[in-house]
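Me: I've got a model open here and I'd like to talk it through. Can you walk me through it?

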Amino acid sequence: MGMDRRFFLKIAGWSGLGLNGIVKAVTNDENIATEVPKRLAMVIDMRKCREQKDCKDCMLACHRVHNVPEIKNTKHEIKWIWKEPFENAFPSQNHEYISNQEKSTPSIILCNHCDNPPCVSVCPTQATFRRDKDGIVMMDFHRCIGCRYCMVACPYGSRSFNWEEAKPYIKEINFKFPVRTKGVVEKCNFCAERIAKNQIPACVEACKEKAIIFGDLMDPDSEVRKVLSANDTIRRKPHLHTLPNVYYIM
Amino acid sequence: MIEYALRGTKKYWTLIFTLLAVIVIGFVAYLYQLREGLSITGMSRDVSWGLYIAQFTFLVGVAASAVMVVLPYYLHNYKEFGKLTILGEFLAVSSVVMCGLFIFVDIGQPSRVLNIILYPSPSSVFFWDFASLGGYLLLNIIIGWKTLDSERKDIAPPKWIKPLIYISIPWAISIHTVTAFIYSGLGARSFWFTAIMAPRFLASAFAAGPALLILLTLIVRKVSNFDPGKAAIQTLAKIVTYAIIINVFFVLLEIFTVFYSGIEEHIQHFKYLFVGLHGKSNLVPFMWVSVVLAITAIILLINPRTRKRENLLIFACIAVFVSIWIEKGLGMVVTGFIPSPLDEITQYMPTFPEILITIGVYGIGLLVLSILYKIVISIREQKA
Amino acid sequence: MYDAPKVITGIIIFLLLITSPIWYDISTGKASYVPDPKIKTTAKKCIESTAFMRANHMELLNKWRDDVVRGASRTYKAQDGKEYEKSLTNTCMNCHLSKSEFCVKCHDYAGVKQPKCWNCHNEPNLDSTLKD
């Protein structure tokens, strides 16, 4: 036939490479959702939160449940939910004559679980990805290579990197949830592991004033939808078109 | 042809062993970083990229600049560059090797680096950057090696080299455009979120790269009997001149847009760089040195009488290289993070281990460059 | 053969070096033991049979890893129909309490690299009661 061994080996090699590539591209990690997808969101009612000047309940609960280390060196700190002064959290809303109330009380900020997340677009391994079934922007700590591109791309500063081993900085380990190794990025995960057991996020549960409302935007009867339609709400940096899912009532 | 690199003068071996010593020191520092984590660097939650990524960004430009000798020779038959193309291609190889290494030492979980290949993510610019850099490395190794081998045997290079060379020209432009896209597509970072990122990258690359190439060629001329000729050096110098003028012009364009609009969010970064922001001014002295060097270089290069005098040309090339290294290798990356998305200022200064690792990687690049250039020199001296 | 004495000496040294793992283990008795992983629990059986687990625990754990984080399916249906939570710490380690007494023993013997699970995943708190 005129085909020699060299030619055959070349063709076999290229086919092998090509097929492998096609297989990898076609097989997908995530299960296809069979139910109607949800869009989980939060409304933070700062009117209720504002009164409690020194309250840290939501932050302590979240960081305790998720083994978030307490690192004193602010350069290496890790935080999933925290308080930030109004002018830092909402720079476009800030002006010289805002009310004393807004000026003096910090806002609670966390990952916004955007519908158009820039962190997901830039991740070179899809270690961070947006779950189709409920819109949560998840972290896969097994896959993260620690390149920190997601931290660079996030307009809200929601992400933290493990610059060193976290275990020495955790006072009391919650054994039901893993700690993270050094070299990976982490952030709020909307308590995906609690939602899987039909629980509400730790911060929502911990707030004594019930200032954090959590639910499904796709469900017209959910509390979040009712609160959103009854109140004026703002979101952080809307002009960047990330479509964040954390709303604030000031 | 590797055997040419295994035989050399005392000076050559001194160079090689010095570089090896530097590399070993850098490697030990890297082992320390592997054990402790990236906390040993000066990076922080706010400034999540530092010296390593900045060097990567700068060196992609140096790698791309090989096109500035390849294009005139192969597309426009500019015979004077005939002897220089191999030097440009091998400089590109050395630079891309360093780029890959700088990314590697910056990664938090290096054992997982293959995840980039196992889980390709075309939406991430990193994916395209690795693809284009990898391809460019292969192109330059193949083209350089084959053309040099053919020169050694006094035959014409094989026909299939020509299409590869033609591809390498737009490919060189693409590697630096893609690297610029890493930054210019991020709405979160107002310092980088500008379309002129890619043109600025290209302009600074075509200034710094050929400047370095001139210096390397003069060094080669000193240690061997290979002389590229005055015409080739002068043409390269003219390319550097135009490129550095365009680069400065682009920076001035940015400054106009930013300051005329009065948008504080954009102004803050430039204030930080040139006068300091809220008292924080780590980079200010560096930036002004960069400005002075650039202006001095332009004055020396634009005037043919000073450009033709070799010691002034050498000074101008060093000035161009250092000026752009400061601008891209120090200023550009870190300033994107200052102020942070929450309007906070966390400054960045590299730590000693970080600097050691950086020097170690440069050592590896210089080792690759020395070996490749030695092969070129030996072959040309043999033929002469 | 040129330099016959040197070559033959070289070959003998090479053979000695390349077979060194074998005679080192034999002489020190380091490999002549049977690993004894300890399971300290009153549970009657594992989620699958021992043979199945010996052959497949790696793939099973990898699949669980991806299912829980990326696929969002957290329940595992064993071959006998019973359902378990897909969790290294909460399911597996509930019975195989200590990694150093169970996992590491066989991995050491087989010379298989230590899995990196323990960089992040916890061993259960050996002091507290584990039922939940």
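Reply: Happy to; we'll go through confidence, the chain contacts, and then some local packing.

Me: What should I know before I start clicking on residues?

Reply: This is a predicted model, where local features need pLDDT of at least 70, side-chain atom pairs count only at pLDDT 80 or more, and totals for chains, interfaces and linings use all residues. Residues are numbered from 1 along each chain as its sequence is written, while chains are lettered from A and ligands numbered from 1 in the order in which they are written.

Me: What are the ipTM and pTM?

Reply: The ipTM is 0.92 and the pTM is 0.89.

Me: And what does chain C average for pLDDT?

Reply: Chain C averages 81, on a per-residue confidence scale from 0 to 100. In chain C, 91% of the residues score at least 70. Below 50 you'll find residues 128–132 of chain C, a stretch with two contacts beyond near neighbours in sequence. A contact here means that the C-beta atoms of two residues, placed from the backbone, lie within 7 Å.

Me: Which helix of chain C has the highest confidence, and which the lowest?

Reply: Helix 1 (residues 4–18) of chain C is highest at a mean of 94, and helix 5 (residues 103–110) of chain C is lowest at 81. Helices are DSSP runs of H or I with at least four residues, strands are runs of E with at least two, and both are numbered from the N terminus.

Me: How is chain C divided?

Reply: Into domain 1 (1–32) and domain 2 (33–119), with bounds from an automatic or database domain assignment. Their centres, taken over C-alpha atoms, are 39 Å apart.

Me: OK, chains. Which pair has the most contacts?

Reply: That's A and B, out of two pairs that touch. There, 36 residues of chain A are in contact with 32 residues of chain B. On the chain B side, helix 6 (125–152) and helix 5 (115–118) each supply at least two residues, and helix 6 of chain B gives the most, with three.

Me: How does that side of chain B split by class?

Reply: It has 13 nonpolar, 13 polar and six charged residues. Nonpolar covers Ala, Val, Leu, Ile, Met, Phe, Trp, Tyr, Cys and Pro, charged covers Asp, Glu, Lys and Arg, and the others, Gly among them, count as polar.

Me: How far apart are chains B and C?

Reply: They don't touch, and their nearest C-alpha atoms are 11 Å apart.

Me: Switching to sheets: what's the strand order in the three-stranded one in chain A?

Reply: The order is 8-1-9, in an open sheet with mixed pairing; strands pair if DSSP finds at least two bridges between them. Strand 8 (212–216) and strand 9 (246–249) of chain A each have a single partner, so one side of each is left without a neighbour in the sheet. Strand 1 (residues 40–45) of chain A runs antiparallel to strand 8 over five bridges, and Ala41(A) stands opposite Gly215(A).

Me: Last one: which residues meet between helix 4 and helix 8 of chain B?

Reply: Leu87(B), Gly88(B) and Leu91(B) in helix 4 meet Leu213(B), Leu216(B) and Thr217(B) in helix 8. By class, that contact has four nonpolar, two polar and no charged residues.

Notes. pLDDT = per-residue confidence, 0-100.
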